[in-house]
Amino acid sequence: MKKLLAVALVLVFALSILGCGGGNKQPAAQGEFKANMKLTNTQTKDHPYNLGAQKFADLIKERTNGRIQITIYPDSQLGKGEREMLESLQQGTIDIYVGSTGPVGNFSPSMNILDIPFMFRDGAHVDKVLDGPIGQALLADLGKSNLVGLAFWENGFRNLTNSRQATKTPQDAKGLKIRVMENKVHLLAFKTAGLNPTPMAWGEVYAALQQKVIDGQENPIAVIHSSKLYEVQKYLALTGHVYSPAPIIVSKKTWDKMPAADQELFRKTALEVAQYQRKVNRDAEAAKIKEMEAKGFTVTRDVDKAAWQKAMQPAFAEFAKEFGKDKIDAIINTK
Ligand code: EAX
């Protein structure tokens with residue numbers, strides 16, 4: 001009897017150490033919480049994602065007196081594409097993601113509304129929508145998928161590149177086999193415009209272009225530049241056909257371990273860095289276009305955007321059914 005009691009006591013003591021009591025892991029008290037977190041994305045160290053990520057990591061380290069350290073894994077080191085990285089976030093094997101909304105819709109369908117073509121006029125319009133109630137509601141929705149959206153950083157307005165010919169109009173691009181993100185809105189929009197889109201993880205795109213498995217792809221200037229796509233593509237058309245936000249998202253498994261004050265600090269710092277990161281991205285675009293032109297790109301600046309918009313318009317009926325015309329108009333009409 002005494003022996004049994006002793007064993008039971010040891011067991012209770014061990015369980016309290018391991019914190020397995022009933023699975024309800026209480027977040028550690030603020031002073032005690034220490035963590036080494038992994039932040040990942042698909043882009044190179046010098047891409048605005050990682051300029052923002054480094055600033056975020058430095059500020060969090062400083063503001064927690066080194067209790068929370070964030071290591072950045074750029075260049076698809078922790079997953080060949082963004083969808084895979086988001087799955088790892090849900091499993092808790094990665095703590096923080098910075099990346100486009102492209103594949104996020106596979107986890108949180110409401111987010112796909114932001115990827116509808118030709119909804120945003122310019123950066124100021126983007127900021128109003130994303131930093132306003134519409135954007136905040138979409139970030140909050142991520143909670144249903146074990147993801148915690150902190151803020152919207154920026155990928156940018158997407159542009160079409162290819163190896164065959166200049167694409168001023170959708171007619172010029174008819175039948176082009178292009179890579180798109182794993183996103184059904186993009187797939188439908190380009191199919192409707194007469195192109196031949198195929199979804200692919202970012203980590204596979206450069207090789208597929210080089211081997212001419214695909215003719216082209218579409219991305220913001222910073223991605224095209226940091227991935228040196230002028231080495232495997234000839235034409236860049238400044239279509240600006242879709243604005244691509246880049247939310248910074250934390251794994252719910254990580255989040256639930258953090259004390260409330262650290263959670264608040266993460267939100268505040270992510271919002272602060274958003275302004276810096278968007279500005280860095282926008283200010284560098286014109287120079288990057290010039291640099292890539294000098295390195296061989298034929299750049300089409302006078303793209304017939306109205307023709308592209310018209311060519312994608314038939315897909316809007318489908319988008320209105322999926323997201324509600326009122327919600328789409330609310331974004332388009334935001335002043
Ligand atoms: O987020 O996959 C894409 O085309 C994205 O724009 C890229 O990974 C950056």
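User: Is V129 buried or exposed, and at what relative accessibility?

Analyst: Buried means under 20% relative accessible area, exposed means over 50%, and partly exposed lies in between (1.4 Å probe, protein chains only). V129 counts as buried because its relative accessibility is 2%. Bear in mind that this is a predicted model, where local features need pLDDT of at least 70, side-chain atom pairs count only at pLDDT 80 or more, and totals for chains, interfaces and linings use all residues. Residues are numbered from 1 along each chain as its sequence is written, and side-chain values use heavy atoms, with hydrogens and water left out.

User: Which helix holds V129, and what does V129 touch?

Analyst: Helices are DSSP runs of H or I with at least four residues, strands are E runs of at least two, and both are numbered from the N terminus. V129 belongs to helix α4, residues 123–130. For contacts, look for heavy atoms within 4.5 Å. Not counting residues up to four places away in sequence, V129 touches F120, I134, G135, I331 and T334.

User: How many residues of α4 are buried, and what do they pack against?

Analyst: α4 is mostly covered, with 6 of its 8 residues buried. Those are G123, H125, V126, D127, V129 and L130. They pack against α5 (133–141), β4, β8 (235–251), α10 (260–294) and α13 (325–332).

User: What caps the N-terminal end of α4?

Analyst: Here you need polar contacts: pairs of N or O atoms within 3.5 Å; within protein, one must be able to donate a hydrogen and the other to accept it, and residues adjacent in sequence count only if both atoms are side-chain atoms. D122 does the capping, with a side-chain oxygen 3.3 Å from the backbone nitrogen of A124.

User: Which backbone nitrogens does the side chain of N159 reach?

Analyst: N159 is in strand β4, residues 147–162, and is buried, with a relative accessible area of 5%. A polar atom of the N159 side chain lies 3.3 Å from the backbone nitrogen of T239, and the side chain also reaches the backbone nitrogen of G240 at 3.0 Å.

User: What about the ligand: how far is its oxygen from the side chains of Y49 and E82?

Analyst: An oxygen atom of the ligand is 2.7 Å from an N or O atom in the Y49 side chain. For the E82 side chain, the corresponding distance is 2.5 Å. Accessible areas come from the Shrake-Rupley method with a 1.4 Å probe; for residues, only the protein chains shown count as cover. Taken alone the ligand exposes 260 Å², and the protein buries 99% of that.
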